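Subject: Structure handover

Hello,

Here is the structure for you to take over. My notes follow below it.

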Amino acid sequence: MTSTPSEGPDAPSGASEAYPSPDPGLQLIAEGVTELVGFGAAVINIRRGDEFEIVAAYGDESGHTVEGEMTVAEMLGTRFPVSVVTDLLDMSVDWGDIKFVPHEKNTIGEAEGYWVPDTDEDILKDPQGWHRLDELLAPFYDENGELVGVLSIDRPTNGRRPGRRQQRILNRFARQARRTVLLTLQREYLEERANNLIEAQSFLREANSQLGLTGVLEATQEAMSRGLDADGLYVQAQDGEGGSVAYASPGLGWTATESNIAAGQAYQSTRLWNEGQHAIVNRELLLHTLHHGGAERRKFARLGIEFLDAVGADSLLVVPIGVETTALGHLVLVRGSGRPRWTDAEGRLAMEFGRDFGRIVLTSNAYTQERDLAQRLATADKVHSRLIEAVAQELHNPLTALTTGIDAMRHEDRGSPTWFQQVGNLISRSDQLVAMVDDLLLFSRFSDPSSRPTLTYVDLTSLLQEIFEQRTYESEKRGIEVSLDVPSRSVQVLGDRSEIKAAILRLVDNALVYTHRGGHVRLYIVESASEAAISVTDNGVGIPAAEQIQVFTEFYRGSSQAIGGRKGVGLGLSIVDRVARRHDGRVTLRSEPGTGTRVSLVLPLANDATSHG
């Protein structure tokens with residue numbers, strides 16, 4: 001099994017004391033391979049440049065490298081050269097998605113960067129016995145055929161090389177792991193793009209003080225190209241006087257006039273804007289249209305190819321520029337030969353720039369500082385929330401496939417009680433991952449300025465009783481006492497019941513996760529003249545003082561150890577904070593490390609709330 005004994009440049013320090021957090025979806029697969037199929041160790045790696053990084057590791061095996069002993073858990077976050085995997089694949093036997101490297105062919109042996117499980121056994125004489133230098137690999141390739149990840153499996157618990165039955169199950173896990181790895185890489189890429197977009201949008205806001213559109217473009221083109229991962233850009237927009245302004249970023253070997261002739265005729269920005277669509281143009285598509293399209297389409301294809309040749313590009317992303325129902329021009333983003341082709345996901349992110357540019361065009365052409373461009377720009381929160389929603393929706397697909405696969409495994413002949421118990425455990429862990437997705441979807445909805453809570457009179461007394469009953473089983477299973485202290489009368493607020501419930505549930509779940517067995521969680525209401533505070537207190541691990549301000553930041557996961565379960569995606573308290581603000585309320589927190597935590601959701605009481613004895 002491949003692992004470098006030293007940490008990669010981005011790996012956290014002190015791996016022997018505090019391991020980095022594994023990717024939850026990939027960790028689930030690694031656990032499934034070991035527990036359900038019967039192996040002692042499984043790790044999943046993702047490519048980072050010329051190295052692989054271990055992002056998920058599971059197993060109770062220990063082994064050694066040239067640097068000494070290393071457990072499977074200690075491998076998490078370590079890196080090793082890509083060449084180690086490619087060399088092993090050259091030695092492998094094809095078992096479908098799984099590749100088997102027999103020890104007879106394994107020339108890497110115990111060289112540096114190679115983990116070998118500890119064993120006191122002699123080399124097995126049985127030709128089907130598992131040798132400590134045998135290796136199982138599942139390489140993952142992207143749509144361009146590039147090696148982007150690998151699943152490495154070692155030490156079958158029965159001591160024998162996998163038979164056909166095990167091979168079929170391993171291939172199923174390998175296909176699931178590939179889908180999850182590709183999704184993880186896509187998510188990381190979109191998150192990077194979104195962060196760069198936020199930076200680029202800040203440049204747009206600052207540049208809005210310049211009167212001329214050309215000046216705005218000159219000031220922002222570098223940030224926009226970087227934020228959208230483009231080699232260059234071209235903008236054509238109305239100038240407010242019946243003409244147009246054309247701008248091309250410097251250094252790409254073509255002039256704005258040439259771009260105007262090709263791009264202005266080839267793409268119908270008005271149609272794209274009215275349909276709310278972007279356009280992706282690749283050289284192969286244009287060549288196909290040139291030979292098989294109608295006369296008008298061939299004309300546009302010819303102009304498009306001339307434009308690609310002029311700018312030395314293979315792929316274009318065309319984004320319309322406009323405001324409300326009015327198209328004002330278009331933005332053309334260029335990627336040169338050998339660069340990744342534009343994707344629909346990138347196009348959707350770039351559509352925000354089309355809307356932003358429409359507002360900039362209006363403001364610049366009016367030569368007025370008073371029009372507040374910041375109010376018209378799509379906020380960074382909106383870009384961020386849309387990204388989160390897209391990621392969450394994508395995560396549902398592999399989760400559904402995983403659950404379907406688990407259900408299918410029930411029909412295999414491995415129908416022992418232990419088998420079904422393990423399947424049940426895997427389904428339970430899958431439910432935990434679904435809960436993470438739910439957090440992402442809620443956060444996305446609560447962060448969207450266009451989303452408004454549905455206001456009704458909400459009885460906090462009955463709501464807390466309902467939540468208490470729903471979490472009774474979970475608290476008993478974890479050995480934690482949960483008490484409820486609410487008035488006998490109704491305490492009403494005006495708000496969205498489902499949102500308030502979601503916020504309180506996350507406070508209770510957080511308390512259960514960070515409280516030791518035998519601990520206590522209290523759920524209660526405190527009223528003032530105008531407000532009601534729903535508080536959840538625990539005597540758990542607490543939150544360090546330096547982290548208490550940060551815990552409400554999205555995706556922040558503190559250093560405190562999760563006692564009763566796995567950490568989520570770092571959105572629980574962010575969701576609570578957003579629910580509070582959507583209801584004109586606030587959140588308060590008080591915590592002492594080692595003593596416990598109290599978090600309160602404070603909401604204004606309904607003006608005409610009535611009390612019943």
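This is a predicted model: local features need pLDDT of at least 70, side-chain atom pairs count only at pLDDT 80 or more; totals for chains, interfaces and linings use all residues.

Residues are numbered from 1 along each chain as its sequence is written, and side-chain values use heavy atoms, with hydrogens and water left out.

**Overall**

The chain has 16 helices and 22 strands. These are DSSP runs, numbered from the N terminus: helices are H or I with at least four residues, strands are E with at least two. Of the 613 residues, 51% count as buried. Buried means under 20% relative accessible area, exposed over 50%, and partly exposed in between (1.4 Å probe, protein chains only). Take the contacts in the chain with a separation of 6 or more: residues 24 or more positions apart account for 70% of them. Contact means heavy atoms within 4.5 Å.

**Helix α2**

Helix α2 covers residues 82–90. Its buried residues are Val82, Val84, Val85, Leu88 and Leu89. Seen down the axis of α2, they fall within an arc of 160°, so they line one face of the helix. The arc is that of the directions from the helix axis to the C-beta atoms. The cover over these buried residues includes β1 (39–48), β2 (51–59), β5 (79–81), β7 (98–101), β9 (135–141) and β10 (147–156).

**Ile46**

Ile46 is in strand β1. At 1% relative accessibility, Ile46 counts as buried. Set aside its neighbours within four places in sequence, and the contacts of Ile46 include Leu26, Phe52, Val55, Val148, Val181 and Leu185. The C-alpha atoms of Ile46 and Leu182 are separated by 9.4 Å, with the two residues 136 apart along the chain.

**Helices α13 and α15**

Helix α13 (residues 460–470) packs with helix α15 (residues 497–513) at an angle of about 45°, and their axes are 11 Å apart. That makes α13 oblique to α15. Axes are lines fitted to C-alpha atoms, for helices over the stretch in contact, and angles run from 0 to 180 degrees between N-to-C directions. Under 35 degrees counts as roughly parallel, over 145 as roughly antiparallel, 65 to 115 as roughly perpendicular, and the rest as oblique. On the α13 side, the contact is made by Leu460, Leu463, Leu464, Glu466, Ile467 and Gln470. On the α15 side, Arg497, Ile500, Lys501, Ile504, Leu505 and Val508 make it.

Buried in α13 are Leu460, Thr461, Leu463, Leu464 and Ile467. Seen down the axis of α13, these fall within an arc of 165°, so they line one face of the helix. They pack against β16 (456–459), β17 (481–485), β18 (492–495), α15, β19 (520–527) and β20 (531–538).

Most residues other than glycine have a negative phi. Arg155 has a positive phi of about 60° although it is not a glycine. Arg155 is in strand β10 and counts as buried, at 19% relative accessibility. Glu324 is not a glycine either, and its phi is positive, near 55°. Glu324 lies in the loop between β14 (313–323) and β15 (326–336). Glu324 is exposed, with a relative accessible area of 70%.

Best wishes
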